[in-house]
Structure formats: C-alpha cells, structure tokens
Amino acid sequence: MLNIEDIRKEFPILDTLVYNRPLVYLDNAATTQKPKCVIDTISEVYSTMNSNVHRGVHHLSQVATCAMEKSRETVRDFIGAKECCEIIFTRGTTESINLVASSFAETFMKEGDEVIISTMEHHSNIVPWQLLQERRGIKIRVIPLTGNCRLDIEAYRNLFNEKTKIVSVAHVSNVLGSTNPIKEIIEIAHNHNVPVLVDGAQSIPHKKINVQELDADFFVFSGHKIYAPTGIGVLYGKKKWLEAMQPYHGGGEMIKSVSFSKTTFNELPYKFEAGTPDYVGIIALGRALEWVNSIGIENIASHEQELTRYAVEQLNTIPGMRIFGEPDSAAVSFLVGDIHPADIGTIIDRLGIAIRTGHHCAQPLIDHLGIPGTARASFAVYNTKEEIDTLIQGIARAVKMLS
Ligand code: 7TS
C-alpha cells in the first residue's frame, strides 16, 4: 500500500490554491507534476557540475558526462533494453517519432511503400508519416476500430502486403485511456518481417515496460509525462535498425570526422544526438526514473488503475454520462448529454479542478466518434479518491448550471 499523503508532500505544486481552492490536478496525460528531488536536481546540476558534455578533458565536463551517461543506463534498465547504445535522447515522443519516420524511410522506404498506423493515434504519430506521404510518396494504411473503440485486429492482419515497411501504433490511447494488445500487434507484424514502433507516451508512466519482452523495434516516450522535466525524451531502437538508419540531424557529436569531401558518422547512440544535448534534462530524467523505481511502477499502476475504476463508477452515477472506450490505464474521456466539454472544463476550473477538454491532438479519433471533443480526467500516483469525489461534485454542479 502506498502512502499517498507522503507522496503528495514531495510535490510542491500540489499545495497551490486555484481561485482560493485546493488544486485538483487531473491533467496528467498532458504532463505530470514534478517531485522536489527532480526540481532540485536541475538546480544542483547548474550549481555543481554545469559544463558541456563529451567534449572536455577538464573535471567538470567529465563529471557532467558521467552523470548523463549514468542516466542513459537508468533509462536502459527502466525499459529493459539490452544495451545503452540503443537509448537515444531526444526532445520527446514527437521528436522521437519524427526521427524514426525520417531516418527509417530514408533508408528503407521508397515511393509506394506503406506504413500502418491506427485510428486512435496522437497527431504526433500521424503527421510525421503524412509529411513522408507528401515528400516521398509513402502510403498510410489505418487500422480501424471495433464498436467499443478497440483496434480491429482482424482488419489489421489484412492491411499487410509486400509494400508494408513499418507499423507505428500507440501502446495506450491518450483519449480513451485503453491499452492496445501491443504484444500481439508486434507478433503479427514480425510474422511479415515488418518492424514496429510503439508510442509509449501514455504507457511508460503507468506500466512496467520491457522492450525486449515486447520485442518492440522502437519504443518512444516523453520525460515530462513521467515526473521528469519538459524537453527531454527517449527513442529506444534495436541496434540493428539504428545502425542501418541514416542520421537525422547533422552537427556536433554525431560525426567521427568531417571534411568537405566526406563526413563519417559517430557510433550509436551519438550518431543520433547532434548538438549539445539537454544534459541537465537527461540527468533530471534519470533522477525521475529512480524516484519512480523507489515507489515501484507496479504499485503506481495498481493505485492508478483503482482510481480509474473508481472514476468510471462515480462518473456513471451522473445522468446522461457517456464514457468513451474501455479505460484501463489512467485516463477517462467523457461527455454529459449534449453539453460541450469546454463548458464543463471552464466551470470546474473555477472550483480548482484541472481537466483537459477538446480533441486531445487525436482529431481522427474524435471525428470517428462523431463528437466535438471530450472532457478527460487523467491520473498520476499523487491523485486520490477524494479528488475524484471533488471532480464528480464539480461536474454535477456544472451540469446543473448548463442544463
Ligand atoms: N503520443 C501520445 C500517445 C501522446 O499522448 C502525446 C502527448 C504525444 C504522442 C506527444 O508527446 P510530446 O511530449 O512529444 O508532446 N499527449 C498529450 C495529451 O494527451 N495532452 O497533451 C499532450
């Protein structure tokens, strides 16, 4: 059993008053709040070891480089990757997907080749492929949904042909909060010798991930959704793919030698880390993952699943409530009658409750559902059932005002 009151004390922002009421922060799928140890790490790095990494023989540069590479090992261990060189630091999920789309296509795809994505993807896993569609004539095939908003696996099987070169799907939907059968999706693709990119933005904070067990070819996530700072993220890729792929950005640290006649590239992971990396963010990401380890990701998951179960049960007591999909992770999307979600969000904001409303950067899914958007409550380890009670009272009040 976790002591949530103790955990809450580690998050300074949770003491904030909003319109004179205690903040009820239920927008964790957008970004999580940060524990003091992560906030302090940022200040400590600048106060005690700030120096550009990799390039210096001097003491501080070596200390900073060591701390950054220790974080790489922490990430490797956290996701069960085989080797540190398979961990590439990026700015986040979006940049990681753009990197793979660009470099994988450059190396392995030609005009007419196909990528399979799904109806429930975040725009970050749609638009990079659309850019390739425009620039390189690559085709996008889309996995449809079943009536209860699950991926239609039988239809997915039928999307493969000899032109299919990669599959790219979300592990957990940021709108529906439901988990896709990612192992099965990967197995089916591998039976066709097609690699799979898993968008782990919404699974990494809420599930034990082992990329080797999943046999994922690529797994991407953002630090800021798992208690780390903004601006830092991860691309895991199997060495065999990363080694074969063209570099993404050109610049410092990603080269072995440069001349005007020929430039040769550095080894992994540096080949994909051009320019001064966000070593402060990387070190703080390592600290955040150590903090998660100290609580236990399984303990976090079971607390959040219990909150989700409770939220669904309580939301369903409100007349006219519609919950979309089958949430099983840490987010619930809903509408009440024909009330616009933004109206609910605005009214409960005055009660100090932060939820997100709109299309959640998944417009094709929202269009598929035929709705203007949803209201979404999403949870983290520091949330409590009492906060969900406050949410329910807030929604009931908003519904009364708007009906
Ligand atoms: N993929 C998924 C599944 C996401 O949920 C998000 C962000 C991204 C990719 C992009 O992550 P970024 O860190 O690179 O921006 N999702 C959300 C959300 O649901 N509300 O705000 C951001």
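Predicted model: local features only at pLDDT ≥ 70, side-chain atom pairs only at ≥ 80, totals over all residues.
Residues are numbered from 1 along each chain as its sequence is written. Local features need pLDDT of at least 70 and side-chain atom pairs count only at pLDDT 80 or more, while totals for chains, interfaces and linings use all residues; side-chain values use heavy atoms, with hydrogens and water left out.

**Stop 1: the ligand**

Select the ligand and the residues around it. There are 14 such residues, and Thr94, Asp199, Gln202, Ser222 and Arg376 come nearest; a residue is counted here if one of its heavy atoms lies within 4 Å of the ligand. A polar side-chain atom of Gln202 is 2.7 Å from an oxygen atom of the ligand. For Ser222, the distance from a side-chain N or O atom to a ligand oxygen is 2.7 Å. In His122, a side-chain N or O atom is 3.4 Å from a nitrogen atom of the ligand. Taken alone, the ligand exposes 490 Å², of which the protein buries 86%; accessible areas come from the Shrake-Rupley method with a 1.4 Å probe, and for residues only the protein chains shown count as cover.

**Stop 2: helix 5**

Select residues 127–136, which form helix 5. Helices (H or I, at least four residues) and strands (E, at least two) are DSSP runs, numbered from the N terminus. Pro128, Trp129 and Leu132 are buried in this helix, where buried means under 20% relative accessible area, exposed over 50%, and partly exposed in between (1.4 Å probe, protein chains only). Just after helix 5, Gly137 has a positive phi of about 70°.

**Stop 3: salt bridges**

Side chains of opposite charge can pair when their charged atoms come close. A salt bridge is a side-chain nitrogen of Lys or Arg within 4 Å of a carboxyl oxygen of Asp or Glu, and by this rule the model has 25 salt bridges.

Select Arg141 and Glu114, which form a salt bridge with their closest N and O atoms 3.0 Å apart. This pair links distant parts of the chain, with Arg141 in strand 6 (residues 139–143) and Glu114 in strand 5 (residues 114–118), 27 residues apart. Arg141 is partly exposed at 27% relative accessibility, whereas Glu114 is buried at 5%.

Then select Glu306 and Arg309, joined by a salt bridge of 2.8 Å. They are three residues apart in helix 11 (residues 297–315), about one helical turn. An α-helix has 3.6 residues a turn, so residues three or four places apart point the same way.

**Stop 4: two buried residues**

Select Asp217, in the loop between helix 8 (211–214) and strand 9 (218–222). Is Asp217 buried or exposed? With a relative accessible area of 2%, Asp217 is buried. A polar contact of 2.9 Å joins its side chain to that of Trp241.

Continue to Ile185 in helix 7 (residues 182–191), which is buried at 0%. Leaving aside neighbours within four places in sequence, the contacts of Ile185 (heavy atoms within 4.5 Å) include Leu151, Ile153 and Tyr156.

**Stop 5: backbone details**

Select Leu268 and Pro269, joined by a cis peptide bond with omega of about 0°. Pro269 is in the loop between strand 12 (263–265) and helix 10 (279–295). Finally, select His360, a residue other than glycine with a positive phi near 55°. His360 lies in the loop between strand 16 (356–358) and helix 13 (363–369), and is buried at 7% relative accessibility.

Note on methods:
Polar contact = N/O pair within 3.5 Å; in protein donor to acceptor, adjacent residues only side chain to side chain.
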